[in-house]
Amino acid sequence: MFRPRSLQGLNSWHGDSRPATPGRSPSPVQLTHNHDYSGAKRLDVPRHKLVKGHLLYMYHKLASSLSSDGAGQTVLSVVLLLATVGLWLLYAHIAQQAGRPRYMVILDGGSTGTRVHVFQYSADTRSSYAVLNLPEPKLKVEPGLSSYAVNPAGAGTSLQPLLDFAEQHVPAGQRADTPVYLMATAGLRLVPAAVAENILEQCRATLSASGFQFQPDWASIISGTSEG
């Protein structure tokens, strides 16, 4: 059974190294967790911290300008004041977006059935870590994907109840930015490669039409090492 140990490992299977931006799918992060808290070290510097640095720079420039005389300095002071106000508003907006919960949907295609995990996490604006909310909502349907060897279309159809479940836990306005992954495990590794690929193609068609963010290579058969 697949159990994601880290979002970095999860994303690395698909070559996803994009930096995290508000409203987009998450960047690779490493998660460690205990009973109450999961910390994830982000690989990129949070945008609200970059904006905060610019704010401090603008503040010192404004203070220096106000201490000088002359009409030119007055005009410069007004410009710097407006720029500082604008940056403060941008900082507040980015900080608010960074703290908004985000989601990731994982379909674990095991040998006896397929289970969906709906993970919710948010960035900690006080640090460069993320908080993962556990336990995550999950649901399992049977049989496993390999059971559809003679009826590949049925494999795609079998995912629909799981996607319906995920929709109940992801706000409608965030589904298009929420990635969905299918990680097929032992069952599909035991069937002929051509049969397994036909099953995956049917699953990809269902996931592409789900309303969640999806790319074809996000549905794959993972190795036993990754599954462990």
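Here is a walk through the packing in this predicted model, from its nonpolar core out to its aromatic rings and salt bridges. Local features are taken only where pLDDT is at least 70 and side-chain atom pairs only at pLDDT 80 or more, while totals for chains, interfaces and linings use all residues. Residues are numbered from 1 along each chain as its sequence is written, and side-chain values use heavy atoms, with hydrogens and water left out.

Let's start in the middle. A nonpolar core here is a set of buried Ala, Val, Leu, Ile, Met, Phe, Trp, Tyr and Cys residues joined through side-chain atoms within 4.5 Å. Buried means under 20% relative accessible area, exposed means over 50%, and partly exposed is in between, using a 1.4 Å probe and protein chains only. The largest such core has 38 residues, and the members touching the most others are Leu107, Leu145, Val180, Leu182, Leu188 and Leu207. At least two residues of this core come from each of β3 (102–109), β4 (114–123), β5 (129–133), α5 (160–169), β7 (180–184) and α7. Those labels are DSSP runs numbered from the N terminus: helices are H or I with at least four residues, strands are E with at least two.

Take Leu182 as a way in. Contact means heavy atoms within 4.5 Å, and, leaving aside neighbours within four places in sequence, the partners of Leu182 include Leu107, Leu145, Leu200, Cys203, Leu207 and Trp218.

Now look at α5, where Leu162, Leu163, Phe165 and Ala166 are buried. They sit on the same side of α5, because they cover an arc of only 155° around the axis, counted from the directions from the helix axis to the C-beta atoms. What covers these buried residues includes β3, β4, β6 (138–141), α4 (152–158), β7 and α7.

Val170 is buried, with a relative accessible area of 2%. Setting aside neighbours within four places in sequence, Val170 is in contact with Tyr103, Val105, Val118, Arg175, Thr178 and Phe212.

Next, the rings. A pair of aromatic rings is described by the distance of the centres and the angle of the planes. Rings of Phe, Tyr and Trp (its six-membered ring) pair if their centres lie within 6.5 Å; planes under 30 degrees apart count as stacked, over 60 as edge-to-face and the rest as tilted. That gives two aromatic pairs. Tyr181 and Trp218 have ring centres 4.8 Å apart and planes at 35°, so this pair is tilted. Tyr181 lies in strand β7 and Trp218 in the loop between α7 and β8 (219–221), so the pair ties together parts 37 residues apart in sequence. Both Tyr181 and Trp218 are buried. Phe214 and Trp218 have centres 6.5 Å apart and planes at 85°, so they are edge-to-face. Together, ring pairs link Tyr181, Phe214 and Trp218 into a cluster.

Finally, the charges. Counting a side-chain nitrogen of Lys or Arg within 4 Å of a carboxyl oxygen of Asp or Glu as a salt bridge, the model has two. Arg204 bridges to Glu197, with the closest N and O atoms 2.8 Å apart, and to Glu201, at 2.6 Å. Arg204 and Glu201 both lie in helix α7 (193–208), three residues apart, about one turn of the helix. Arg204 counts as buried at 13% relative accessibility, whereas Glu197 is partly exposed at 35%, as is Glu201 at 40%.
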